[in-house]
Amino acid sequence: MIGNTYNRAFLHSLYFAKLNLGNQFATFGLWSYCSGSGSTVSSCSNPVPAFDWSQAGGVRNIIGDMQNLDRVFLANFILYWIALGLTLIALITTVMSHFKRRADFCAAIATFLAFVVMLAVFVIVLVISIKGINMAKGTDSDVSGHLGPSTWMTLGAFVALLLSSVSYCFACIFGPGRIRSEEKA
């Protein structure tokens, strides 16, 4: 979510894709892009919601055909926030209800929906990243690129959400039953 937003040691290391243009490079994130030479990031653009990678300076002529994907970048941005919101709802519901069956069922539904949304986000990120890298490679033989850590973190997030929803379902099915008032005394 916050990767590639500012030129800080940790933040500029989180990106979805990286293009190497000879000695220069550009990394692309959810909010912006960073550029530099060698292994040093020299600058990052100002964060913009649903950043369109074709707007990155220095690579516009290489990945220019991606200009028609602005709605896909917007959908990706919105879906990230939806998945985050659903995950937070599940977390708050579970913590506030002290692990009760009905709340676990609601959390299971929320985490499963978050899993589906995050799966869609991962597919979008993967398609955009691979398409951008392949388009850049097709225009110049000196260009290379690879997927970044944020892509793999998105994969980890949707797998974790799947495991969480399965865990909540098991808690609902195999969890302790209701305690009757006679047994409380």
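One term before we start: I call a residue buried when its relative accessible area is under 20%, exposed when it is over 50%, and partly exposed in between, using a 1.4 Å probe and protein chains only. Keep in mind that this is a predicted model, where local features need pLDDT of at least 70, side-chain atom pairs count only at pLDDT 80 or more, and totals for chains, interfaces and linings use all residues. Residues are numbered from 1 along each chain as its sequence is written, and side-chain values use heavy atoms, with hydrogens and water left out.

So, alanine 50. Its relative accessible area is 16%, so alanine 50 is buried. Its phi is near 55 degrees, a positive value in a residue other than glycine. You'll find alanine 50 in the loop between β4 and α1. Those labels are DSSP runs numbered from the N terminus: helices are H or I with at least four residues, strands are E with at least two.

Now the strands. Strands count as paired if DSSP finds at least two bridges between them. Strand β1, residues 17-21, runs antiparallel to β2, residues 24-28, with five bridges joining them. In that pairing, alanine 17 stands opposite phenylalanine 28. The two strands make a hairpin with two residues between them, and glycine 22 in the turn has a positive phi of about 70 degrees. β1 is also joined by five bridges to β5, residues 143-147, again antiparallel, and there leucine 21 has valine 143 as its bridge partner.

Lysine 18 lies over the face of phenylalanine 25, 4.4 Å from the ring centre. The test for that is NZ of Lys or CZ of Arg within 6 Å of the ring centre and within 35 degrees of the ring normal.

On to the rings. How many aromatic pairs does the structure hold? There are 10. Rings of Phe, Tyr and Trp (its six-membered ring) pair if their centres lie within 6.5 Å; planes under 30 degrees apart are stacked, over 60 edge-to-face, and the rest tilted. Take tryptophan 31 and phenylalanine 77: the ring centres are 4.9 Å apart and the planes sit at 85 degrees, so this pair is edge-to-face. That pair links distant parts of the chain, 46 residues apart, with tryptophan 31 in the loop between β2 and β3 and phenylalanine 77 in helix α1. Both tryptophan 31 and phenylalanine 77 are buried.

Compare tyrosine 33 and phenylalanine 51, with centres 5.8 Å apart and planes at 20 degrees, so they are stacked. Tyrosine 33 and phenylalanine 51 are both buried too. Ring pairs also link Phe16, Phe28, Trp53, Phe73 and Tyr80 into a cluster.

Last stop, helix α3, residues 149-174. With 26 residues at 1.5 Å each, α3 should span 38 Å, and its end C-alpha atoms are 37 Å apart, which agrees; the expected span is 1.5 Å times one less than the number of residues. Its buried residues include Phe158, Leu161 and Tyr168, and the cover over the buried residues of α3 includes α1, α2 and β5. Serine 150, in α3, is buried at 12% relative accessible area. Not counting residues up to four places away in sequence, serine 150 touches Leu14, Tyr15, Phe16 and Tyr80, where contact means heavy atoms within 4.5 Å.
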